[in-house]
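Hi,

Here is the structure I promised to pass on. Have a look at it first, and then read my notes below.

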Amino acid sequence: MNIVLFGPPGAGKGTQAKELAKHYNIPHISTGDILRANVREGTTLGMKAKEYMDKGELVPDEVLIGIIRDRLQMPDCNNGYILDGYPRTLPQAEALETILEEIGKLLDVVLNIEVPDAELIGRLSGRRMCSCGESYHLMFNHPLKEGTCDACGGKLYQRDDDREEVVRQRLEVYAAKTKPLIDYYDKKGLLVNIDGTGAVEDVFRQICNVLDSYRK
Ligand code: AP5
């Protein structure tokens, strides 16, 4: 399966992508995770990206297009991929089409996870992360021991861009630059809307039902 997981910040793309990657045995490619790894490692790309990320702005298209071009050519993408957080602008979507054509791959479906803004703000401001990649929520998905990762025992922290004022900016950027892609993919017949407001497991089941219908 070749999948784009689409939706506003906090819609649950990362949460669902992790489970889907295990279930369908295809790689989860999160541009946010790739950029944050670069920030942690202090690479030139990471230092440049951090300036945009901390303000809730998008990192320039050419940076992201280069990342995706390289990543989709890795051998683990031979049986499919899950893109999470890419594309986010029209030039990124157009570049994806060109890249896929060049490397002989397809895009099967764009899953648009829908969640109202008020809920998104609550989800993001309550999110806590661990450096091992696990994600928790103060109300909906809390760790067994407060402030500590269940998986590795690491100390949980809040992402810099999950502060409420940055979350609001991310939502504005989403509405202005990313949301128009819904229409773009709908016109191409690739868009499927997913109700993202239920429990994590319910949203997962909904997505699997859609994906399994594509595999028949
Ligand atoms: P990125 O990391 O992609 O952030 P985002 O899209 O804003 O996505 P999030 O990770 O915040 O949300 P999500 O939908 O994955 O939700 P999650 O599953 O974590 O990007 C960060 C920044 O990098 C961008 O702002 C930009 O600067 C830059 N960037 C990245 N890609 C780029 C690109 N292509 N172009 C340019 N710049 C780019 O869930 C959120 C919370 O909700 C969690 O606490 C979770 O536990 C909880 N939750 C999940 N599902 C449910 C549920 N069903 N019910 C209750 N709670 C739930």
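**What I found**

L138 sits in the loop between β6 and α7 (164-178). Together with M139 and F140, L138 forms a nonpolar patch on the surface, with about 380 Å² of accessible area between them. A patch is made of residues with over 30% relative accessible area and no salt bridge, where like charges are joined within 9 Å and nonpolar side chains (Val, Leu, Ile, Met, Phe, Trp, Tyr) within 5 Å. Accessible areas come from the Shrake-Rupley method with a 1.4 Å probe, and for residues only the protein chains shown count as cover.

Before you go further: this is a predicted model, so local features need pLDDT of at least 70 and side-chain atom pairs count only at pLDDT 80 or more, while totals for chains, interfaces and linings use all residues. Residues are numbered from 1 along each chain as its sequence is written, and side-chain values use heavy atoms, with hydrogens and water left out.

**Around the ligand**

How many residues surround the ligand? There are 36, and the closest are T15, E57, R88, R127 and R170. To be near, a residue must have a heavy atom within 4 Å of the molecule or strand. By class, this shell has 14 nonpolar, 13 polar and 9 charged residues. (Ala, Val, Leu, Ile, Met, Phe, Trp, Tyr, Cys and Pro count as nonpolar, Asp, Glu, Lys and Arg as charged, and the others, Gly among them, as polar.)

Now for some distances. An oxygen atom of the ligand is 2.9 Å from an N or O atom in the K13 side chain. A ligand oxygen is also 2.9 Å from a polar backbone atom of G10, and one is 3.2 Å from a polar backbone atom of Y136. The protein covers 96% of the 1000 Å² of accessible area that the ligand has on its own. Which elements give two or more residues to the shell? They are α1 (13-24), α2 (31-41), α6 (117-125) and β6 (135-137), and α2 gives the most, with 4 residues.

Helix α2 is also where you'll find R36. The R36 side chain makes a polar contact with the side chain of D33 (2.8 Å). That term means a pair of N or O atoms within 3.5 Å; within protein, one must be able to donate a hydrogen and the other to accept it, and residues adjacent in sequence count only if both atoms are side-chain atoms.

**Charged pairs**

Side chains of opposite charge can pair when their charged atoms come close. A salt bridge is a side-chain nitrogen of Lys or Arg within 4 Å of a carboxyl oxygen of Asp or Glu, and by this rule the count comes to 16.

- R71 and D76 meet in one of them (2.7 Å, N to O). R71 is buried at 16% relative accessibility, whereas D76 is partly exposed at 39%. (Buried is under 20% relative accessible area, exposed over 50%, partly exposed in between, with a 1.4 Å probe and protein chains only.)
- D162 and R170 form another (2.9 Å, N to O), and both residues are buried. They belong to a network of salt bridges that also links R127, R159 and D161.

Happy reading!
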